[in-house]
Amino acid sequence: KIELDIQDNQSSTDKAVSAAQQLVADKVSVVLGSYGSGVSIAAGTYFANAKIPAIGCSCTNAAVTAGNDYYFRVCFLDPFQGSVMASFAMEEFGAKKAYVLSMLGDDYTVGLAKNFVIAFEAAGGEIVADETFVSGGADVIFAPSAIAYAPQIIEQASALGVSLPILGGDTWENSAISDAQNGTDMQVFVSTFFDENDESGLAKEFVTDYKAWLNGNSQNLTNNGGNDVVAAVSALGYDAYMAAVAAIEKAQ
């Protein structure tokens, strides 16, 4: 029988520390999380010092697991994601110049932006300054921001008449993006961990059962944003949990 000990870090690096300390104090066997890279990095040393394994669900910054023998993850890393999006920009749009918009002080956005820049420049592309992209000085915009700011970026770009394709990272895999894009001419493309339209066996089975679970309880549906869209992070949360269960069983 597995008991869940749920601590809310409120997506804050400060609260990440207190949440980690509480989990350590509760003597949990394994930690699942966190959602974001910054909060995962902030909590990592506490789990390592307590020798409690942690499995990151969607924390893509390489620093989360670097030098920490107790932190693992089920998602891909930003060096991979950044290079894939750089290749996509060049192959899909023939982009030679890109404008990159990131949020200073945020481990996820800064890290992913840096990896995109490295890959884009290595392939012969050019990163342009912020004052030039609106006037046609860029071919694409790469904006790996937190989901809270993504709709604003899309809406403001549309209001300014910006017609460049906007590329986002994994956090943009959210229904808020399609809502912001509706009614505009903006082209938005994102990288993601999981596609709910995947027809392969286990993926299709998970989506079918998860949608049934969502629609079987109004509160579940509300918590999911009022719809039964299967977010990639939900699939990753399931993967992380089942990986933990398999490890517990193997370790007896």
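Modeller: A bend at a residue is the angle between two axes, one fitted to the seven residues ending there and one to the seven starting there. Helices (H or I, at least four residues) and strands (E, at least two) are DSSP runs, numbered from the N terminus. This is a predicted model, in which local features need pLDDT of at least 70 and side-chain atom pairs count only at pLDDT 80 or more, while totals for chains, interfaces and linings use all residues. Residues are numbered from 1 along each chain as its sequence is written, and side-chain values use heavy atoms, with hydrogens and water left out.

Biologist: Where does α2 bend, then?

Modeller: The bend is at A43 and amounts to about 40°. After the helix comes K51, with a positive phi near 55°.

Biologist: Which residues of α2 are buried?

Modeller: They are S37, G38, V39, S40, A43, G44 and F47. Buried means under 20% relative accessible area, exposed means over 50%, and partly exposed lies in between, with a 1.4 Å probe and protein chains only.

Biologist: And what covers them?

Modeller: The cover includes α1 (13–25), β1 (31–32), β2 (54–56), β3 (71–73) and α4 (107–122). Contact here means heavy atoms within 4.5 Å.

Biologist: In what order do β1, β2 and β3 stand?

Modeller: They form an open sheet in the order β1-β2-β3, with parallel pairing. β1 and β3 are at the edges with a single partner strand each, so one side of each has no neighbour in the sheet. Two strands count as paired if DSSP finds at least two bridges between them. β2 and β3 have three bridges, and A54 has Y71 in β3 as its bridge partner.

Biologist: Turning to the sheet of five strands, what is its order?

Modeller: The order is β5-β4-β6-β7-β8, again an open sheet with parallel pairing. Its edge strands are β5 (126–127) and β8 (188–190), each pairing on one side only. β7, residues 166–168, pairs with β8 over three bridges, and I166 stands opposite V188 in β8.

Biologist: Which strands do α3 and α4 lie across?

Modeller: Helix α3 (residues 78–93) lies across β6 (140–142), β7 and β8, at about 155° to β7. Helix α4 lies across β4 (97–100), β5 and β6, at about 170° to β4. Axes are lines fitted to C-alpha atoms, for helices over the stretch in contact, and angles run from 0 to 180 degrees between N-to-C directions.

Biologist: How many residues has the largest nonpolar core?

Modeller: It has 17, and I141, I154, I166 and W172 make the most contacts inside it. The elements giving two or more residues to this core are α6 (150–159) and α7 (175–181); α6 gives the most, with four. A nonpolar core is a set of buried Ala, Val, Leu, Ile, Met, Phe, Trp, Tyr and Cys residues joined through side-chain atoms within 4.5 Å.

Biologist: What does W172 touch, beyond its neighbours in sequence?

Modeller: Leaving aside residues within four places in sequence, its contacts include A143, I154, I166, I177 and V188. A second, separate core of 15 residues includes A86, Y108, F120 and F142.

Biologist: Is A180 buried or exposed?

Modeller: A180 is buried, at 7% relative accessible area. This residue lies in helix α7 and, neighbours within four places in sequence aside, contacts P151, I154 and E155. A180 and I153 are 27 residues apart in sequence and 9.2 Å apart in space, C-alpha to C-alpha.

Biologist: Finally, what do the buried residues of α10 pack against?

Modeller: They pack against β1, β2 and α8. Among the buried residues of α10 are A232, L236, A240 and V245. Helix α10 (residues 232–251) has 20 residues and reaches 29 Å, close to the 28 Å expected.

Biologist: Where does N224 lie?

Modeller: N224 is in the loop between α9 (218–223) and α10. N224 is buried, with a relative accessible area of 18%, and touches Y210, L214, V229 and S234, not counting residues up to four places away in sequence.

Methods. The expected span of a helix is 1.5 Å times one less than its number of residues.
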